[in-house]
Amino acid sequence: MTGPAEPGRFSDGPRGGRSGDAGRFTGGERSRDRGDRGDRPARRGDGPPREGRFGADRRGGVRRPVRPAVDLPRHVAFQAIAAVHRDDAYANLVLPAMLRDEGLTGRDAAFATELTYGTLRHTGTLDAIITDAAGRDVQRIDPPVRDALRLGTYQLLHTRVPAHAAVSSTVDLVRTVAAGATGFANAVLREVASRDVDGWVAKLAPSEETDPIGYLALAYSHPQWIVRAFAEALGGDLRETARLLIEDNERPPVHLCARPGLADPVALADEVGGAPGAFSPYAVYLAGGAPGDLAAVTEGRAHVQDEGSQLVANALAVAPLDGPDGRWLDLCAGPGGKAGLLGALAAERGARLTAVEVAEHRARLVSQATRGLPVTVVNTDGRTVGADPKLPEGHFDRVLVDAPCTGLGSLRRRPESRWRRQPSDLPPLTRLQRELLTAALRAARPGGLVAYVTCSPHTVETHVSVTEASRRCGFPVDFVDARPLLPAGMPGLGDGPTVQLWPQRHGTDAMFLAVLRKG
């Protein structure tokens, strides 16, 4: 399932094939080279000083602010990266809160976000470089120093921050977390600065001819097992695999879904200063800004949703169906994006959607996302079809299974996920996927449709799971060719009957779609 989008106003696009680039951001508006809020005059709108940074003096006045050792954008980026590694936090959840708490906006917020997401995406390659430059395994370096070195190395190799500023600001940061390690940090970073990113890849990566997977993994900072899975899903095409890895390291665009019957996508694009999507009839591409602040989103006329997610949900809704068509089911509905689109479509067609979510807090999110739509939210396990009176067998006309998966199709939106997922995650997930798809087929009426969706291109989670479940479910099942259910003219949809979307081909998350008709 697709998680929250990376904020759209922040840029961390690459400067070249491998390396990200801060673009015009060279240190933030309050960087060390330009001063910070601690040594500039107060401005209107600054508000009262925050506790901890300022304090009252003995005369009852306010002490002069003490300049922090590290400028705020870098400090926030470091804290976010540390939270991800220390607390298993998610960057797209902790970073916005930190930006708000520190009052960072505009270029400062953009720079902090560039550093955070870029460092997390490139962690594997950064660690290999730091290991070589330090002469010791990166895992033997104290975690706070390790995270600071990652941040500094990213600045040196992937941004236009001057080398002296990247080194000195990182040493200042190390001084605040491990004062005794400043000399070590300075030496490591100066060694890192002796080569550019291509030079480091040439030194450290295995031969592209003899070990192409190992080369791609280090050159484009993905675990080898993920690179291998991508290459397999792409039919062994290593050149396109490299294109996919590059795309994973780009900042993803923010897509809105204009809810049918509630918003026109062209009018919405004009309203928000965006552009209509390339493929989904409901997609709007945002040029920037915080999508959660848009009136269309707060009013329920639109929601944030990757265009690929819109396409696979809409495919279920437009698939030809004989007989009744008023009872729809979303078997894994949290957090509610696809349920919101299906609910709006159901409202236009006089149908009703039952949205099932096993986690209570996610069920609440689904209720919020579908408020005002003909949607009934059921907080239960989707595998209880037939045992739960709210989920009778053979009852529903259209069923969506947006199955829990590794999320390898949305790595560009969740930069830390590539380093957290392991091959050992696959067996329990694929077992759950097959159980849920079997339950969905039980829920469908004879002649009814089931769409199986994952945000992963891993063949074990896609073709293997859907084939095994359809073979063992005990019902006659036919595959429906999913390609005609997507907009005419979409390139690279393969030979059918299933469809795999790709970031490098379609600009979407790597969504998989199989449509089954119950006999």
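In the predicted model, D88 occupies the loop that connects α1 (72-87) to α2 (91-102). The phi angle of D88 is near 55°, a positive value in a residue other than glycine, and D88 is exposed, with a relative accessible area of 54%. A positive phi of about 55° also occurs at S221, again not a glycine. S221 is placed in the loop between α9 (212-219) and α10 (224-233); in contrast to the exposed D88, S221 is buried at a relative accessible area of 1%.

Cis peptide bonds were located at two prolines. One joins G334 and P335, with omega about 0°, and P335 belongs to the loop between β5 (327-330) and α15 (337-349). Another joins G496 and P497, with omega about -5°; P497 falls in the loop between β10 (477-480) and β11 (499-500).

A search of the whole structure returned 1 aromatic pair. The ring centres of Y452 and F512 are 6.3 Å apart and the planes meet at 70°, so the arrangement is edge-to-face. Because Y452 lies in strand β9 (residues 444-454) and F512 in strand β12 (residues 512-518), the pair ties together parts 60 residues apart in sequence. Y452 is buried at 0% relative accessibility, and F512 is buried at 1%.

Charged groups also sit over aromatic rings. The charged end of K518 lies over the ring of F475, 4.1 Å from its centre, and that of R195 lies over the ring of W200, 5.0 Å from its centre.

The mean pLDDT of the protein chain is 89, with 87% of its residues at 70 or more. Over residues 1-67 the pLDDT is below 50, and this stretch has 167 contacts in the model beyond near neighbours in sequence.

Technical notes. Residues are numbered from 1 along each chain as its sequence is written. This is a predicted model: local features need pLDDT of at least 70, side-chain atom pairs count only at pLDDT 80 or more; totals for chains, interfaces and linings use all residues. Side-chain values use heavy atoms; hydrogens and water are left out. pLDDT is the predictor's confidence in each residue, from 0 to 100. Contact means heavy atoms within 4.5 Å. Rings of Phe, Tyr and Trp (its six-membered ring) pair if their centres lie within 6.5 Å; planes under 30 degrees apart count as stacked, over 60 as edge-to-face and the rest as tilted. Helices (H or I, at least four residues) and strands (E, at least two) are DSSP runs, numbered from the N terminus. Buried means under 20% relative accessible area, exposed over 50%, partly exposed in between (1.4 Å probe, protein chains only). A charge sits over a ring if NZ of Lys or CZ of Arg is within 6 Å of the ring centre and within 35 degrees of the ring normal.
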